[in-house]
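Subject: Handing over a structure

Hello,

Here is the structure I promised to pass on. Please open it and keep it in view while you read my notes.

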Amino acid sequence: MIRSFKTRLAAFRASENGAPTLEFALVFPAFMMMLMVAVELGVVNLRQIALESRLDSAMRVVRINTNVRYTHDDVRDMICQNADMFPDCASNLRLEMIPNDPRGYAQLPSTVDCVNSTVPINDAQNEVRNFSLGNANELVMVRACLLYDPVLPTSLLALTRTTDANGKSAHVAVSAFTQEPG
């Protein structure tokens, strides 16, 4: 009986049947994971560049039109205008505008003020906290936080970027400008 088992085991080890299937089963998931991460990274980069570009364009309008007192919603709507790349942009974008002294520069707070997507958008937790246009010749730091759903939530990249309980990730863009004199 033991001799029969040894012979069968030796025959099994010598056989090459199923070797390609085993190789495919071991290698295919790794290649698919790399493909998913590449797709996710491409979409993340595209959205990040679009957010930064839209933020800079909106800040150019704010900087030049010093006689207009823009609100958070006005600036947010400028950024979200024709933003098909950002689904539900108006309810997922939060802006901070903080005047700063260029000669005694103070860094922005380390915690980014993002929308709390676990509560309704009109909840007290989603009120605008830091938003001031500044005065003439004053440096204004602007930070935008846009929450989004990852394209492929199971990719390794999406798992490391999750920021809230709903599985949303955040794009953060920072800009600065000096208010033109009125």
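Below are my notes, going from the whole chain to single residues.

**Ground rules**

This is a predicted model, so local features need pLDDT of at least 70, side-chain atom pairs count only at pLDDT 80 or more, and totals for chains, interfaces and linings use all residues. Residues are numbered from 1 along each chain as its sequence is written, and side-chain values use heavy atoms, with hydrogens and water left out.

**The whole chain**

The protein chain has five helices and three strands. Helices (H or I, at least four residues) and strands (E, at least two) are DSSP runs, numbered from the N terminus. Read along the sequence, the pattern is α-α-α-α-β-β-α-β.

The chain has 182 residues, and 34% of them are buried. Buried means under 20% relative accessible area, exposed means over 50%, and partly exposed lies in between (1.4 Å probe, protein chains only).

The chain exposes about 11600 Å². Carbon and sulfur atoms supply 58% of that area. Accessible areas come from the Shrake-Rupley method with a 1.4 Å probe; for residues, only the protein chains shown count as cover.

Now the contacts, meaning heavy atoms within 4.5 Å. Take those with a separation of 6 or more: 73% of them join residues 24 or more positions apart.

**Helix α1**

Helix α1 covers residues 2-14. For the 13 residues of α1 that gives 18 Å, and the end C-alpha atoms are 18 Å apart, which agrees. The number of buried residues in α1 is zero, so this helix lies largely in the open.

**A nonpolar patch**

F24, F28, M32, L35, V39 and V151 form a nonpolar patch on the surface. Together they have about 520 Å² of accessible area. Patches are made of residues with over 30% relative accessible area and no salt bridge; like charges are joined within 9 Å, nonpolar side chains (Val, Leu, Ile, Met, Phe, Trp, Tyr) within 5 Å. L35 is partly exposed, with a relative accessible area of 49%.

**Salt bridges**

A salt bridge is a side-chain nitrogen of Lys or Arg within 4 Å of a carboxyl oxygen of Asp or Glu. By this rule there are five. Here are three of them.

- R76 and D73 meet in a salt bridge (3.2 Å, N to O). They are three residues apart in helix α3 (residues 72-80), so about one helical turn separates them. R76 is buried at 15% relative accessible area. D73 is partly exposed at 39%.
- D113 forms a salt bridge with R94, with the closest N and O atoms 2.7 Å apart. D113 lies in the loop between β1 and β2 and R94 in strand β1, so the pair ties together parts that are 19 residues apart in sequence. D113 is buried at 9%, and R94 is buried at 2%.
- K168 forms a salt bridge with D149, with the closest N and O atoms 3.4 Å apart. The pair links distant parts of the chain: K168 is in the loop between α5 (156-161) and β3, D149 in the loop between β2 and α5, 19 residues apart. K168 is buried at 13%, whereas D149 is partly exposed at 45%.

Salt bridges that share partners also join D73, R76 and D77 into one network. Not counting residues up to four places away in sequence, R76 touches A90, L93 and L95.

**Two more residues**

Find S175 in strand β3 (residues 169-178). Is S175 buried or exposed? S175 is buried, at 9% relative accessibility. Its side chain makes a polar contact with the side chain of D56 (3.1 Å). A polar contact is a pair of N or O atoms within 3.5 Å; within protein, one must be able to donate a hydrogen and the other to accept it, and residues adjacent in sequence count only if both atoms are side-chain atoms. Leaving aside neighbours within four places in sequence, S175 is in contact with L55, D56, M59, V140, M141 and V142.

Finally, look at A136, in the loop between β1 (93-100) and β2 (139-148). A136 is partly exposed at 46%. A136 and Q179 are 43 residues apart along the chain, and their C-alpha atoms are separated by 5.0 Å.

Best wishes

Key: Expected span 1.5 Å × (residues − 1).
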